[in-house]
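Visitor: Can you walk me through this one? I'd like to start with the ring contacts.

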Amino acid sequence: MLADSFKTNAQPHKRLIRRVAVLGSGVMGSRIACHFANIGCEVDLLDIVPTALSAEETSAGLTLQDPRVRNRIAQTALANTLKANPAPLYDRKHADRIRIGNLQDHLKRVEKADWIIEAIIERADLKQALYEEVEKHRTPGTLISTNTSGIPIHILIKGRSEDFKEHFCGTHFFNPPRYLRLLEIIPGVNTKPEVIDFLMHYGSLYLGKETVLCKDTPAFIANRVGIFGIMSTLAAVEKFGFTVSEADALTGTIIGRAKSATFRTLDVVGLDTLVKVATGLYEGLPQDEARESFKIPPTLQKLLNNNWLGDKTKQGYFKKTKDTTGKKEILELNLQDFTYHQTQKTDLPILKKAKEIDNLQERIRLLASDKSKIGEFYRQIFFELFQYVSCRIPEISDEIYRIDQAVCAGFGWDIGPFAIWDALGVAQTLEAMQTAGLKPANWVQEMLNKQKTSFYTIQNGKTQYYDIPTQQYKTLAASEGFIILDNIRKTNKIWGNEGCSLFDLGEGIVGLEFHSKMNTIGAEVLGGIQTAISMAEKSFLGLVIGNDSPNFSAGANLGVLYMYGCEQEYDEIDLMVRQFQQTMMAVRYSGIPVVAATAGLVLGGGCELCLHADAVVSNPESYVGLVEFGAGVIPAGGGSKEMVLRTASTYVQDDPEINKLQQAYMNIATARVSTSAAEALNMNYFRTSDVVVMDRSRLLLAAKQKALELAQRGYTQPIKRTDIRVQGRSAMATFRAGAVGMQYGHYISEHDLKIADKLAWVMSGGNLSGPALVSEDYLLDLEREAFVSLTGEKKTLERIQSILFKGKPLRN
């Protein structure tokens with residue numbers, strides 16, 4: 001078992017992390033460096049010195065002693081990382097926080113580091129040799145960790161000093177570190193408990209990670225369980241004869257896993273990587289009862305022999321190619337004859353039925369109970385997974401929840417193995433498993449004998465898990481103090497309709513959650529916002545608008561707009577837009593503070609809501625934009641008005657005012673979406689007074705605290721603005737010139753130009769001869785008139801139709 005001291009919830013030892021040294025600039029090292037730069041740390045990124053000149057260096061007359069040559073490996077690695085998509089940095093300017101160097105000339109820099117992270121090649125001898133050099137410069141008490149994905153910690157620290165061992169552990173980031181939330185913390189036998197307490201806390205609060213305490217076992221938790229799940233799935237796909245596309249349809253979002261599912265994920269990661277990890281587990285786990293599952297199957301071995309490794313070789317389970325017209329296309333592998341063919345759209349009736357069910361647990365129950373081979377497939381992969389994870393306790397973890405947390409955060413699952421088992425029913429699933437010859441660990445039956453019928457339960461709004469040693473439920477530390485809406489749905493809901501629900505979050509703050517598809521904003525949601533504000537003004541101190549789902553809001557519901565447009569019901573459209581505008585203005589001009597809590601997509605109407613909130617508390621992964629242009633219209637829920645207002649409010653004497661306004665205009669006209677909350681700030685969608693919360697699970701709590709802070713400071717309802725400076729015809733001429741130039745360059749269509757002109761009209765303040773001061777209501781009227789007129793355009797309706805039929809949110 002892990003020492004009890006590693007499980008405390010005590011206040012972590014006080015440390016300040018200002019400077020981080022990352023040793024090794026490969027794919028992981030450079031991206032880890034970027035993520036620390038994201039949160040404001042200064043980073044030294046060091047790598048080895050080249051042993052030979054490149055052709056370019058030779059032609060430039062450089063020598064091996066030139067700093068440009070000696071730092072080339074780290075410099076090149078960082079440059080390549082900064083070109084990566086998705087971007088490793090929240091803001092490209094954050095790259096200035098990273099200083100490159102090499103391990104010979106600059107290792108002395110670790111003297112000033114608060115945390116040293118080693119991320120070199122996975123060879124114990126090389127890591128040990130590097131640690132010996134590091135110890136010559138490291139300041140005693142400095143944190144030092146390895147990003148190893150599986151080398152035992154006790155092997156790596158052989159020969160090191162006591163202080164080194166006490167401050168050393170594994171910190172296993174998952175790639176890409178910015179986006180994958182898992183950070184596995186692996187103590188060594190000598191690691192001080194306060195070091196682990198600090199890293200668990202720091203990783204969560206400052207790095208935004210799901211920090212999971214692991215034992216020093218091969219592949220730790222996530223890869224051990226995740227790779228088993230992949231190998232089990234590959235065997236089941238072959239057994240039941242599914243195609244590559246069918247298998248991905250069965251193992252993706254339909255069961256709460258990543259959209260890339262199984263085979264697409266393997267192509268992205270690289271089949272050689274899978275083989276390397278699986279082979280390592282096979283060789284390193286002689287006592288594992290499921291060891292044979294890690295053996296490389298013939299199909300996978302043949303792909304490896306052919307060097308069909310996935311994206312890195314442009315073919316694996318899928319192949320990127322071009323058709324006879326030169327158009328890019330993706331073919332899929334026939335698993336029987338190893339030829340490639342056109343990807344066929346899957347037609348599995350049970351999946352169509354499952355997609356109609358929003359609740360993931362209900363969906364999984366439906367699929368696992370299916371009587372066809374699809375149900376057999378699900379039962380096999382689930383039962384094998386359940387058997388495996390139950391037998392891994394206490395080998396890799398003493399607690400069930402750590403396994404679920406690691407797999408979800410590392411592999412992008414919505415719910416982990418034990419939570420899936422709960423969804424299917426523990427007792428009935430156990431009976432079915434035994435019938436299938438897949439007996440789990442004895443403690444599962446012992447749990448049921450104690451009348452404990454599930455692995456998790458909710459008590460007083462807190463998640464509890466079954467603790468095996470005590471045979472009792474214990475409160476999950478992660479649910480203490482946090483706001484988890486699923487835990488309070490039955491106890492704290494005070495109002496709701498089909499589009500949203502209002503919850504009492506405590507301390508005088510209420511929270512409004514949307515539950516429409518993609519949290520789009522329609523009549524029910526608008527009505528819910530108005531009701532929530534009215535109820536909060538009467539009985540509460542403030543309102544939070546947010547949720548626990550992946551996306552804040554994908555924007556307005558276009559279905560009704562399309563229907564009214566087709567029927568040319570322009571009065572109805574005008575009324576609909578008025579209601580939207582009035583609701584956004586109610587958010588701005590209410591008697592209580594309104595705080596928006598954002599993560600994921602914050603598009604169109606969702607962005608407009610944030611523009612009118614008193615404050616925004618955002619997760620860094622907030623993708624924000626006014627994207628209505630893509631639907632053939634302009635922002636008319638106050639978005640266009642608000643960008644004029646914000647630009648005018650930041651006017652500085654002698655500053656080129658139209659330039660700032662034109663930037664806002666171009667962001668809207670190109671339907672640009674920020675790639676982070678930091679970029680949303682640069683685009684003026686967020687303000688410097690808004691708050692960024694790294695840990696997604698803390699988002700609603702932080703938003704509640706912000707609303708409470710605003711209320712307790714003495715919140716006073718703002719007064720409508722009547723002094724918004726607009727530029728008139730001069731701005732309109734500038735906007736028009738740019739749009740016409742883009743049309744001449746064939747970047748936009750004639751219809752795009754028409755939309756751009758309408759937007760220019762609004763953002764210039766209409767047909768004014770020169771700069772003037774106008775009111776918010778004046779700009780809202782211009783917005784609404786422009787919007788309604790555009791819905792009468794055939795091209796606009798065609799765009800909306802295309803979006804609705806494709807089922808895609810508006811974004812560029």
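Visitor: What lies over the face of Tyr-388?
Guide: Arg-392 does, at 4.4 Å from the ring centre. The criterion is NZ of Lys or CZ of Arg within 6 Å of the ring centre and within 35 degrees of the ring normal. This is a predicted model, so local features need pLDDT of at least 70 and side-chain atom pairs count only at pLDDT 80 or more, while totals for chains, interfaces and linings use all residues. Residues are numbered from 1 along each chain as its sequence is written, and side-chain values use heavy atoms, with hydrogens and water left out.

Visitor: And which charged end sits over the ring of Phe-338?
Guide: That of Lys-302, 4.4 Å from the ring centre.

Visitor: How many aromatic pairs does the structure hold?
Guide: There are 31. Rings of Phe, Tyr and Trp (its six-membered ring) pair if their centres lie within 6.5 Å; planes under 30 degrees apart are stacked, over 60 edge-to-face, the rest tilted.
Guide: Take Phe-174 and Phe-411: their ring centres are 6.4 Å apart and their planes stand at 65°, so this pair is edge-to-face.

Visitor: Where do Phe-174 and Phe-411 lie?
Guide: Phe-174 is in the loop between strand 6 (168-173) and strand 7 (182-187), and Phe-411 is in helix 17 (residues 400-411), so the pair ties together parts 237 residues apart in sequence. Helices (H or I, at least four residues) and strands (E, at least two) are DSSP runs, numbered from the N terminus.

Visitor: Is Phe-174 buried or exposed?
Guide: Phe-174 is buried, at 8% relative accessible area. Phe-411 is partly exposed, at 23%. Buried means under 20%, exposed over 50%, partly exposed in between (1.4 Å probe, protein chains only).

Visitor: What about Tyr-378 and Phe-382?
Guide: They form a stacked pair, 5.9 Å centre to centre with 20° between the planes. Both are buried. They sit four residues apart in helix 16 (residues 373-391), so about one helical turn separates them.
Guide: Tyr-378 and Phe-382 also belong to one aromatic cluster, whose members include Phe-240, Phe-418, Trp-443 and Phe-455.

Visitor: Which residues have the most contacts inside the largest nonpolar core?
Guide: Leu-23, Tyr-317, Tyr-378, Phe-382, Phe-418, Trp-443 and Phe-455. That core has 114 residues. A nonpolar core is a set of buried Ala, Val, Leu, Ile, Met, Phe, Trp, Tyr and Cys residues joined through side-chain atoms within 4.5 Å.
Guide: Apart from it lies another core, of 88 residues, among them Ile-521, Ile-545, Tyr-562 and Ala-756.

Visitor: What is Phe-455 in contact with?
Guide: Leaving aside neighbours within four places in sequence, its contacts include Ile-400, Phe-418, Trp-421, Trp-443, Met-447 and Tyr-473. Contact means heavy atoms within 4.5 Å.

Visitor: Switching to Leu-300. Where is it found?
Guide: In helix 13 (residues 298-305). Leu-300 is buried, with a relative accessible area of 1%. Not counting residues up to four places away in sequence, Leu-300 touches Leu-234, Leu-271, Leu-274, Val-275 and Tyr-317.

Visitor: How many residues of strand 3 are buried?
Guide: Four of the five in strand 3 (residues 98-102), so the strand is largely enclosed by the rest of the structure. Strand 3 pairs with strand 2 (residues 42-47) in the parallel sense over five bridges. Within strand 3, Ile-100 is the bridge partner of Leu-45.

Visitor: And strand 4 with strand 5?
Guide: Strand 4 (residues 115-118) and strand 5 (residues 143-146) run parallel, joined by four bridges. Ile-117 has Ser-145 of strand 5 as its bridge partner.

Visitor: What about the three-strand sheet?
Guide: That open sheet has the order 12-13-14, with antiparallel pairing. Strand 12 (456-459) and strand 14 (472-475) are its edges. Strand 12 and strand 13 (residues 462-467) pair over four bridges, and Tyr-456 stands opposite Tyr-465 in strand 13.

Key:
Pairing = 2+ DSSP bridges.
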